[in-house]
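Have a look at the model first, then read on.

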Amino acid sequence: MDVQRGQWSSRMGFIFAAAGSAIGLGNIWRFPYVVGENGGAAFVLLYVVFVVVIGLPYMFAELALGRSVQRNPVGSIEAIVPGSWWKWVGFLGVLTGVGILSFYGVVAGWTVGYIFKMAMGNFTDFTSFIANPWPVLGLFALFIFITASIVYGGVEGGIERWSKILMPVLLVLLLGLIIYANTLDGASRGLTFYLKPDFSKINGSIALQALGQAFFSLSLGMGLMITYGSYLSKEENIITSGIYIGLFDTAIAIMAGLIIFPALFAMGESPTAGPALVFVVLPKLFANMPGGVLIGVLFFILLSIAALTSTISLLEVPVAYLVDEFKFPRKKIVWPAALFTFIIGIPSALSQGAVDFFTNLGWLPRALSAPDVLSHMSFLWGTFSLAFGALMLSIFVGWVWGTDKASNEIVQGSPFFIKTKFIWAFMIRYFIPVVIFILLLNIFGLF
Ligand code: TRP
């Protein structure tokens with residue numbers, strides 16, 4: 001292989017990096033608030049079903065494609081059908097990486113800000129914190145800067161080493177908080193909301209949100225797993241690695257909900273607070289807890305690190321594209337890519353009260369519950385574009401590259417896959433594209 005591109009140093013290195021990409025603000029910040037906005041347990045159940053029947057089989061397709069041709073999303077498609085329009089699907093993925101990072105970096109900046117807020121024992125005033133333009137922009141810039149410094153170091157030295165370190169600590173802290181939150185008075189109503197499904201709440205738009213959240217949380221739909229798969233060696237077992245990643249990722253999201261919902265109901269807050277949810281509920285929890293300052297600081301440090309392993313992966317996609325396709329040296333192209341993303345993210349950063357125009361896009365049709373730029377970016381890139389990208393890429397792998405070639409790739413390292421490859425082929429060719437297509441049509445009000 002092309003030694004210049006780098007490779008994961010070990011199997012665990014890949015699993016940690018991919019799980020590090022998957023586990024992030026999507027699990028702890030986005031998952032609880034979309035659950036809250038979409039009615040609770042029924043949404044959670046639908047989410048888990050989508051992870052298993054769509055997310056995982058689709059993840060195998062991205063990993064197989066990346067490992068087979070060892071390129072970024074655009075280059076991978078070009079390697080299989082040179083000169084066709086399919087490469088635009090890869091290009092959409094590269095753009096989506098920039099689009100997601102542009103608002104995700106803003107929220108990651110808030111997370112870093114909250115480390116200091118907790119340290120000062122200041123547990124309230126989220127609304128005024130995010131409306132204050134200079135600190136928010138500064139923290140956003142800082143976060144993008146740290147992300148770029150690590151991507152600068154390349155796959156192994158940068159991304160992998162960082163991903164391995166602090167995830168286990170996060171796990172232990174979450175467990176402790178679950179226990180604490182569930183001992184509060186009134187916590188059980190939160191558990192009911194979170195775990196006892198009311199199926200009458202499910203409709204097409206909720207289903208699309210659940211599917212979009214599954215893609216977002218697993219880092220699927222924009223070719224990230226193509227890119228990370230391209231650094232994977234042929235001996236790796238794509239199936240079991242993918243299952244581990246899905247398991248870790250889902251476990252962390254479910255755990256976050258087991259803290260937030262009991263705490264929220266115990267404190268009499270509303271589950272539909274949107275993006276503010278975690279930043280309001282958790283500090284309130286810390287404020288009343290013995291040792292709350294320390295726990296608050298530790299929590300937001302770990303959340304910042306979880307966010308960092310995700311932002312690294314988001315920036316890695318456009319960077320890998322520029323390095324592979326234009327032969328730019330990695331170290332030269334990282335900074336312009338990061339700066340570009342920062343500029344795209346400025347409206348999102350100023351959309352939480354700092355600038356009225358960005359805070360309330362009143363002139364847009366009110367498809368979303370919130371009218372600010374950040375919420376729109378989150379839906380456009382983090383839900384719609386991922387679902388659309390996954391639709392196109394599953395068609396690409398299923399029908400253009402072909403499930404036979406894809407299966408032959410997966411079988412290397414996962415011999416037992418031979419027995420189940422027919423089921424997988426059916427999922428990729430028919431089931432997954434049809435389900436995504438129907439849910440996407442629903443956005444345009446066709447049902
Ligand atoms: N999965 C990450 C999270 O849950 C976000 C993320 C990182 C992502 N890389 C991605 C989402 C690639 C989609 C595609 O926080």
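**Ligand site and overall fold**

A polar side-chain atom of Ser-219 lies 3.0 Å from a nitrogen atom of the ligand, a polar contact if you count N or O pairs within 3.5 Å. Keep in mind that this is a predicted model, where local features need pLDDT of at least 70, side-chain atom pairs count only at pLDDT 80 or more, and totals for chains, interfaces and linings use all residues. Residues are numbered from 1 along each chain as its sequence is written, and side-chain values use heavy atoms, with hydrogens and water left out.

- Ser-313 has a side-chain N or O atom 3.1 Å from a nitrogen atom of the ligand.
- The protein covers 100% of the 360 Å² of accessible area that the ligand has on its own (Shrake-Rupley method, 1.4 Å probe).

**The shell**
- There are 17 residues around the ligand, and Ala-22, Gly-26, Tyr-104, Phe-216 and Ser-219 come nearest (near means a heavy atom within 4 Å).
- By class, the shell has nine nonpolar, eight polar and no charged residues, with Gly counted as polar and Tyr as nonpolar.
- Helices H1 (11-22), H2 (25-37), H5 (87-119), H11 (204-218) and H15 (292-326) each supply at least two shell residues.

**The chain**
- Its secondary structure comes to 19 helices and zero strands (DSSP runs of at least four residues for helices, at least two for strands).
- Along its principal axes, the C-alpha trace spans about 55 × 50 × 45 Å.

Notes
Polar contact = N/O pair within 3.5 Å; in protein donor to acceptor, adjacent residues only side chain to side chain.
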